[in-house]
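Thanks, everyone. I'll keep this brief. Please have a look at the model first.

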Amino acid sequence: MSAIVTDRVPTDEQQSRPVKKPRKSKAGKTLYGGKWTYLVLIVVTVLSLFPLVWTAIAASRNNERLAQTPPPFWFGGNLFKNLEIAWTDANMGMALLNTTIVATIASAGTVLISTLAGFAFAKLRFRWKNFLLFFVIATMMVPPQLSVVPLYMLIAELSWTDQLQAVIMPFFVCAFGVFFMRQYLVQALPNELVEAARVDGASSWRVIWHVVFPAARPAMAVLGMLTFVQAWNDFFWPIIALTQNGNPTVQVALTGLGRGYIPDQSVIMAGALLGTLPLLLAFVVFGKQIVGGIMQGAVKG
């Protein structure tokens with residue numbers, strides 16, 4: 001049998017149409033921003049760094065100079081003197097140690113519990129799952145001030161007043177963390193991967209350790225960073241549960257610098273600078289890993 005081949009002959013109208021040239025791909029090429037892009041970035045950077053620079057300038061002056069108009073816009077010679085006064089008067093050594101302990105343990109516990117709960121809501125099947133998830137999300141709408149009285153009654157009953165566990169334990173369960181990890185694991189963790197681990201005979205804890213944690217690592221890094229910053233800067237609950245002379249955190253210790261008939265603003269700024277520097281140092285050391293984890297989660301598909 002002979003195959004019949006028919007070739008379509010283009011019409012005159014089709015032949016007269018101009019042939020579109022394919023666009024050149026820009027993949028792999030570096031994109032450069034224009035001068036306006038760099039101008040906007042410079043302005044945003046200056047505005048972001050201004051509060052920190054102003055804190056350092058105010059900490060290097062004295063109270064009389066800060067009260068004058070216009071205020072100083074350059075460094076003075078009293079920085080180390082004011083830092084020494086703030087370190088001694090506010091007991092900043094113990095405050096920094098306590099804050100580091102509270103922020104580290106609280107962020108680690110929040111990340112662990114939120115990842116486990118997020119995995120359960122995202123991939124496991126159990127009764128009333130949707131109702132429980134709705135209940136967890138609904139707790140985010142309750143103002144935290146409403147829970148202060150019953151929470152203080154609880155820690156007083158447990159004899160935790162002026163102890164670090166009083167400000168660590170409330171951070172362990174975070175509704176936002178559970179919802180955040182659940183939303184991430186729904187997309188980042190395929191059901192087939194969990195089922196394959198089950199078929200291979202892996203227990204629930206092995207699935208969590210070898211499958212869930214590696215897949216959730218970028219989101220865990222972001223949640224840990226957010227929780228660490230929140231625990232470090234928290235003021236409302238620590239000022240109720242702790243005292244300045246007992247086990248103060250940085251924010252509680254700084255309240256002692258503002259007491260007196262005429263508070264020394266330069267010493268207060270020096271104490272605020274001492275409380276901010278460790279947080280900046282943590283971002284400088286771990287910033288690359290945090291950004292890399294965010295980008296890894298963004299390109300995973």
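Let me start with accessibility: buried means under 20% relative accessible area, exposed over 50%, and partly exposed in between, using a 1.4 Å probe and protein chains only. This is a predicted model, where local features need pLDDT of at least 70, side-chain atom pairs count only at pLDDT 80 or more, and totals for chains, interfaces and linings use all residues. Residues are numbered from 1 along each chain as its sequence is written, and side-chain values use heavy atoms, with hydrogens and water left out.

Now the aromatics. Rings of Phe, Tyr and Trp (its six-membered ring) pair if their centres lie within 6.5 Å; planes under 30 degrees apart count as stacked, over 60 as edge-to-face, the rest as tilted. The whole structure gives six aromatic pairs. One of them is W74 with F75: ring centres 5.3 Å apart, planes at 75 degrees, so edge-to-face. F75 is partly exposed, at 36% relative accessibility. W74 is at 62%, so it counts as exposed.

Next, N98. It sits in helix α5, residues 92-123. Helices here are DSSP runs of H or I, at least four residues, numbered from the N terminus. N98 has a relative accessible area of 5%, so it is buried. Leaving out residues up to four places away in sequence, N98 touches L164, N247 and P248. Contact means heavy atoms within 4.5 Å.

Last, confidence. pLDDT is the predictor's confidence in each residue, from 0 to 100. The protein chain averages 81, and 83% of the residues score at least 70. Confidence is highest in α5, at 91, and lowest in helix α1, residues 12-16, at a mean of 54.

Conventions:
Helices (H or I, at least four residues) and strands (E, at least two) are DSSP runs, numbered from the N terminus.
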